[in-house]
Amino acid sequence: MNSRRRRLGFILATAGMLLALALPLSSEATLAWPARPVLLAFAVAAALSLAVAAWTRGSAVVLPGIAGVLCGAVTTLALLRDPGIAGSAAAGFWMMVLAVWLGAALCVVQLASMRPRNQASRRALSLAIPLLFGAVVFYLWEVFVRGFGVSPVIMPAPSAAAARFSASLPTLGQDFVQTFIRGVLIGYVIGCGAGLLVAIAAQRFVFLGRGLLPLGNFFSALPLVGVAPIMVMWFGFDWPSKAAVVALVTFFPMLVNTLAGLSASGHMERDLMRSYGADHRQTLSKLYLPAALPFIFNALKINATLALIGAIVAEFFGTPTQGIGFRISTEAGRMAIDMVWAEIALAAIAGMAFYGLVALAERATTFWHPSYRT
């Protein structure tokens with residue numbers, strides 16, 4: 001974004017913040033701005049910060065821009081504590097929300113256009129952009145739900161889900177152990193390990209690979225909701241049936257990706273290994289497996305999300321009185337939607353952490369790959 005458009009955007013955000021002071025905050029009777037001196041000061045500070053950002057050049061625009069966004073966000077969230085505004089917010093309130101959103105969007109765009117030279121700054125920037133973007137999404141979710149008075153049965157506010165999350169930590173801990181530690185991790189290790197070993201065997205014996213790939217396509221097309229009840233009947237209602245579903249879900253992505261990776265080495269490299277007199281075991285360890293590592297980690301990252309989905313879906317068809325899928329199903333039936341969102345947040349956090357660990361292992365293992373040289 002060029003400087004003229006950015007300046008115009010911040011000017012519009014400043015105008016929106018100032019216009020909000022003159023428009024009504026609620027469709028019902030409520031306190032005016034002079035009766036809220038602290039919030040008035042925050043609103044004026046937000047307008048001033050956004051105005052400063054409009055006339056600041058370069059990357060320095062981010063600091064006053066974020067300061068204005070924070071002041072505006074604090075003001076709107078504090079206004080929602082007034083029962084006369086929550087559920088009956090009027091033009092003044094929404095104009096302020098619009099100004100906060102516009103200022104935050106301009107800050108995110110500016111951060112994304114920055115190209116720091118040192119590694120530490122690049123890492124900090126790559127972390128700051130998604131954090132700011134996510135914070136804006138949750139802020140808009142909060143103000144829209146509370147400002148329009150949406151029923152918590154339909155969509156609870158993030159603050160309500162967070163409060164339920166913190167109040168239900170023991171229950172969430174038990175569900176995490178049941179679903180993730182027992183079901184996901186055990187099934188993930190079994191499925192990915194079996195897929196890797198079978199792929200190595202299939203690469204060694206061509207007829208095995210030709211016979212397994214069509215079967216892999218067939219089993220990959222099987223609906224999870226059809227497989228899960230069968231696994232529950234075979235392995236019981238406890239975690240082994242969930243681990244079996246996860247192993248089945250993760251086996252074939254690992255098989256297909258590893259087979260493709262084992263065939264990724266070039267003819268020159270294979271001729272070189274033959275000229276050295278290397279046997280199959282040495283060629284596998286020195287050439288085939290290193291060349292297949294990017295493909296293997298690609299399968300591991302795909303399976304990191306598939307495993308959690310498979311375990312949660314399997315718990316819908318029979319499980320003990322704990323687990324993420326069990327809790328989502330039962331609490332949804334009781335209309336406790338805040339607990340459902342707390343479980344969804346737990347699954348999202350676990351999934352992101354698991355994916356991040358696999359990505360870190362990939363970065364540490366395949367640092368030589370061309371994708372990491374740029």
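Modeller: Let us begin with burial: of the 374 residues of the protein, 41% count as buried, where buried means under 20% relative accessible area, exposed means over 50%, and partly exposed lies in between, with a 1.4 Å probe and protein chains only. This is a predicted model, in which local features need pLDDT of at least 70 and side-chain atom pairs count only at pLDDT 80 or more, while totals for chains, interfaces and linings use all residues. Residues are numbered from 1 along each chain as its sequence is written, and side-chain values use heavy atoms, with hydrogens and water left out.

Colleague: What does the secondary structure of the protein come to?

Modeller: Helices (H or I, at least four residues) and strands (E, at least two) are taken as DSSP runs and numbered from the N terminus. In this protein they come to 14 helices and 0 strands.

Colleague: How does the radius of gyration of the protein stand beside that of a compact globule of 374 residues?

Modeller: The radius of gyration is taken over C-alpha atoms, and the globule rule is 2.2 Å times the number of residues to the power 0.38. A compact globule of 374 residues would come near 21 Å, whereas the protein has 27 Å; along the principal axes, its C-alpha trace spans about 85 × 55 × 30 Å.

Colleague: Which residues have the most contacts inside the largest nonpolar core?

Modeller: In soluble globular proteins, nonpolar side chains tend to be buried together. A nonpolar core is here a set of buried Ala, Val, Leu, Ile, Met, Phe, Trp, Tyr and Cys residues joined through side-chain atoms within 4.5 Å. The largest one has 39 residues, and Phe10, Met17 and Phe93 have the most contacts inside it. At least two residues of this core come from each of α1 (3-20), α2 (37-54), α3 (62-79), α4 (91-113) and α5 (119-147), with α4 giving the most, 11 residues. A second, separate core has 32 residues, among them Val246, Leu287, Ala307 and Val358.

Colleague: Leaving aside neighbours within four places in sequence, what is Phe93 in contact with?

Modeller: With contact meaning heavy atoms within 4.5 Å, and with those neighbours set aside, Phe93 is in contact with Pro24, Leu25, Thr76, Leu79, Leu80, Ile85 and Val143.

Colleague: How many salt bridges does the count come to?

Modeller: A salt bridge is a side-chain nitrogen of Lys or Arg within 4 Å of a carboxyl oxygen of Asp or Glu, and by this rule the count is 6. One of them joins Arg36 and Asp82, whose closest N and O atoms are 2.6 Å apart. Arg36 lies in the loop between α1 and α2 and Asp82 in the loop between α3 and α4, so this pair ties together parts that are 46 residues apart in sequence. Arg36 is buried at 10% relative accessible area, and Asp82 is buried at 16%.

Colleague: Where do Glu142 and Arg146 lie?

Modeller: Both lie in helix α5, 4 residues apart, about one turn of the helix, and their side chains meet in a salt bridge at 2.9 Å, N to O. Glu142 counts as buried at 7% relative accessibility, whereas Arg146 is partly exposed at 24%.

Colleague: Which helices hold Arg164 and Asp338?

Modeller: Arg164 forms a salt bridge with Asp338, the closest N and O atoms being 3.1 Å apart. Arg164 belongs to helix α6 (residues 158-167) and Asp338 to helix α14 (residues 337-365), so the pair ties together parts that are 174 residues apart in sequence.
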